[in-house]
Amino acid sequence: MFDIHAHVLPNILHDDGPKHLEKSLEMIERARKDGVSAIVATPHMMIPVENRKEEIKKAIQSLGELPIPIYIGSEIFADDIVLANDNSLIPLGDSNYLLIEFPRAELPQHVDEIFFVLQTKGFECIFAHPERNGSIINDPNLLVELIRKGVLCQVNAGSILGSYGKTCQKTAQILLEHNMVHFIASDMHSPNRLYYSLKEAVAQAQEYTDSASDMVLKNPQTILNNGFLEVSEPKQYKKRGFWFFGRR
Ligand SMILES: [Fe+2]
């Protein structure tokens, strides 16, 4: 399996991953034991930082010989100042794919435009953990148009497993059932509390979709090779109505 979203590098500015190298190594070992064969390190890019790419490369080198490869990447906060700075747009591996995160509470009004501008710069965009975003929780169908416009979606293993609560879990299930998920990733931050098993998440996701294993195998492999990912048409989610039974 490939994990395309992980805060695995030690002591990176503005990131909330491990503080010490030993913890990074523990996380990598835990992922390897879970069946992960390559990890993309995606420290948060919250504000533009000079020489960010070099900082990430050095942090990867500091880990020494590793049992599985770690690729350079970034989780880019969709802030106008960050996005306007070309040095902030660090893709996953050697690809043109960017991992983009939004404020947790709600999507900005100009979300379409944000993706469009990045696409016109030659990037492909992956929306990080939409199931944790308030706007998507309220209306999963917001993703239908974005996916039709070429945006891909990455759901967290922990969301599928219920680690962020019932609402996120239910939203992850809805997205999986409606062809609105293209990747499952760990979004791990530490070796203990915040590691959620990709293997367990895929097993759970298989209850909702036939393409769960593609989300950790074929799809991430395709984008890390900078290939074009063909996706299924997303399905509109219809909220189920409630039946009220009056007393006789
Ligand atoms: Fe993250």
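**Cysteine sulfurs, then a helix**

Tutor: The cysteine sulfur closest to that of Cys153 is in Cys125, 11 Å away, which is too far for a bond. A disulfide is counted here when a pair of cysteine sulfur atoms lies within 2.5 Å. The structure has zero disulfides, and Cys125 takes part in none. Cys153 is buried, at a relative accessible area of 1%, and Cys125 is buried at 0%. Buried means under 20% relative accessible area, exposed over 50%, and partly exposed in between (1.4 Å probe, protein chains only).

This is a predicted model, in which local features need pLDDT of at least 70 and side-chain atom pairs count only at pLDDT 80 or more, while totals for chains, interfaces and linings use all residues. Residues are numbered from 1 along each chain as its sequence is written, and side-chain values use heavy atoms, without hydrogens and water.

Now helix α1, residues 21-34. Helices (H or I, at least four residues) and strands (E, at least two) are DSSP runs numbered from the N terminus. The buried residues of α1 are Ser24, Met27, Ile28, Ala31 and Asp34. They lie on the same side of α1, because their arc around the axis is only 120°; the arc is taken from the directions from the helix axis to the C-beta atoms. These buried residues pack against β2 (38-41), β4 (70-72) and α9 (198-205), where contact means heavy atoms within 4.5 Å. On the face turned away from the buried side, α1 carries the exposed residues Glu22 and Lys33. After α1 comes Gly35, with a positive phi near 105°.

Conventions: The expected span of a helix is 1.5 Å times one less than its number of residues.
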